[in-house]
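This report looks at one helix and what surrounds it. Please keep the sequence and the model in view while reading.

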Amino acid sequence: MLEAYRHGTGVDAVGGAEALLSHLVTQELRIPCAHAPALAPIDVDEEVSPRACAEELGYTFLPCVLANLRRAPSIVSDADDPRRGS
């Protein structure tokens, strides 16, 4: 699975689980949450996909977190939800 992800044809299963946990923390604690695993270094792959290059260089995956924090949605309470009607 990791090899497929590194070559641009798979998914990051660990990242998916981390995203679910971050969502739960945000939902329950009402605070923004981001995640980046602290993994042991993996062997360099000379033919890595451009989509996975940041992870190759920084094996904590922190570059992806920092690059995308600006896209994080605002936390909205139930009272602020426009779908609820007033």
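## Where α2 ends

The model is predicted. Helix α2 is followed by Arg 30, and the phi of Arg 30 is positive, near 60°. Arg 30 has this positive phi although it is not a glycine.

Where does Arg 30 lie? Arg 30 sits in the loop between α2 and α3 (53-57). Its relative accessible area is 40%, so Arg 30 counts as partly exposed; buried would need under 20%, and exposed over 50%.

## The chain as a whole

The protein chain has four helices and zero strands. Read from the N terminus, its elements run α-α-α-α.

The chain has 86 residues, of which 21% count as buried. It exposes about 6,800 Å². Carbon and sulfur atoms supply 61% of that area. Among contacts with a separation of 6 or more, 52% are between residues 24 or more positions apart.

## The length of α2

Helix α2 covers residues 13-29.

Which residues of α2 are buried? They are Gly 15, Glu 18, Ser 22 and Thr 26. An α-helix has 3.6 residues a turn, so residues three or four places apart point the same way.

The other side of α2 carries exposed residues: Leu 20, Leu 21, His 23 and Glu 28.

Take Glu 18 in helix α2. Its relative accessible area is 17%. Glu 18 is therefore buried, since the cut-off is under 20%. Leaving aside neighbours within four places in sequence, Glu 18 is in contact with His 35 and Pro 37.

Ser 22 also belongs to helix α2. With a relative accessible area of 8%, Ser 22 is buried too. What does Ser 22 touch, not counting residues up to four places away in sequence? The partners are Cys 33, Ala 34 and His 35.

## Partly exposed positions

Ala 19 is another residue of helix α2. Is Ala 19 buried, partly exposed or exposed? Its relative accessibility is 37%, so Ala 19 counts as partly exposed. Ala 19 and Cys 33 are 14 residues apart along the chain. Their C-alpha atoms are separated by 9.4 Å.

## A nonpolar patch

Which residues make the nonpolar surface patch? Val 25, Leu 29 and Ile 31 form it. The patch has an area of about 240 Å².

## Summary

Helix α2 has a buried side with Gly 15, Glu 18, Ser 22 and Thr 26. Exposed residues, including Leu 20 and His 23, lie on the other side. Arg 30, with its positive phi, follows the helix.

Technical notes: Residues numbered from 1 in each chain as written. Predicted model: local features only at pLDDT ≥ 70, side-chain atom pairs only at ≥ 80, totals over all residues. Heavy atoms only, no water. Patch = residues over 30% accessible without salt bridge, like charges linked within 9 Å, V, L, I, M, F, W, Y side chains within 5 Å. Areas by Shrake-Rupley, 256 points an atom, 1.4 Å probe, with all protein chains shown as cover. Salt bridge = Lys/Arg side-chain N within 4 Å of Asp/Glu carboxyl O. Helix = DSSP H or I, 4+ residues; strand = E, 2+ residues; numbered from the N terminus. Buried < 20%, exposed > 50% of the residue type's maximum accessible area, 1.4 Å probe, protein only. Contact = heavy atoms within 4.5 Å.
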